[in-house]
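Hi,

Here is the structure I promised to pass on to you.

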Amino acid sequence: MDRPDEKWFQERLEAFLRERHPQKNLRSLALARRSRLAAEKYLTSLGCGQGPEQALRRADKILFGGLLFSPYDTVRLILETDYPAIEECRRHNVTLALLRRCRSIFRTYDLGDDFAERPEFRRLKEKLRLGIRNWIDENGVPGYRSPTSQAASPMPYSRRPKYVKRKKRI
């Protein structure tokens, strides 16, 4: 690996945000600032005699600080595990819609980088599951039928009444 520079850190941050925080729109100034600070930290750590791996770890703390816990990932994983019948191609759009709906739930917690390791995370997931279930029952998702929805499913062909053929008139 070549020596990481500011551009390398910025590309990593942009890829990370696309994957883990697609709903966030960090301005290019914020991306450039984080990338510059991470590159400086990397070079400073190397100058202090640390190895490249340790220097990169320190730079990553600056680059990804405050971004490690992802509400998008949390909602997407709940959809994947609890609603596997929702097609992968639709899951992204459903997740973004649910993020807007679940914003009030996320606001009640202090979401730091270590949030997934704290006991409050379990309570958050329970509230999210309830909110997601209610939203899906109310709004539905194309291609997914909730087991609790009240709409009657179509009768299978094997149970439909059989009609007797009528005799032709002469």
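Predicted model: local features only at pLDDT ≥ 70, side-chain atom pairs only at ≥ 80, totals over all residues.

**Pockets**

The largest pocket holds about 310 Å³ of space. Its lining is made up of 15 residues, and the ones nearest the centre are Gln23, Pro71, Leu99, Arg103 and Phe106. If you want to find your way there by helix, look at H5 (88-101) and H6 (103-107), each of which supplies at least two lining residues. H5 has the largest share, with 3 residues.

H4 provides the largest share, 4 residues. By class, the lining of the second largest pocket splits into 6 nonpolar, 2 polar and 6 charged residues.

**H5 against H7**

Both of these helices came up above, and they also touch each other. Their axes come within 11 Å and cross at roughly 115 degrees. Angles of 65 to 115 degrees count as roughly perpendicular, so that is how H5 lies relative to H7. The crossing is right-handed. On the H5 side the contact uses Val94, Ala97, Leu98 and Arg101, while H7 brings in Gly131, Ile132, Asn134, Trp135 and Glu138. Sorted by class, that contact has 5 nonpolar, 2 polar and 2 charged residues.

**H2 against H3**

How do H2 and H3 run relative to each other, roughly parallel or roughly antiparallel? The axes of H2 (residues 28-47) and H3 (residues 52-63) come within 8 Å and cross at roughly 155 degrees. Anything over 145 counts as roughly antiparallel, so H2 and H3 are roughly antiparallel to each other. H2 also passes H3 in a right-handed crossing.

From H2, the residues making the contact are Arg34, Ser35, Leu37, Ala38, Lys41, Tyr42, Ser45 and Leu46; from H3 they are Pro52, Ala55, Leu56, Arg58, Ala59, Ile62 and Leu63. The class count for this contact is 10 nonpolar, 2 polar and 3 charged residues.

Over to you now!

Cheers

Key. Residues numbered from 1 in each chain as written. Heavy atoms only, no water. 1 Å grid on protein atoms, 1.4 Å probe; cavity = no way out; pocket = protein on both sides within 12 Å on 5 of 7 lines; lining within 4 Å. Points joined across faces, edges and corners; volume = space filled by probe spheres on them. Nonpolar A, V, L, I, M, F, W, Y, C, P; charged D, E, K, R; others polar. Axes fitted to C-alpha atoms, helices over the stretch in contact; angles between N-to-C directions. Parallel < 35°, antiparallel > 145°, perpendicular 65-115°, else oblique. Left-handed = near helix turned anticlockwise from the far one by under 90°. Contact = heavy atoms within 4.5 Å.
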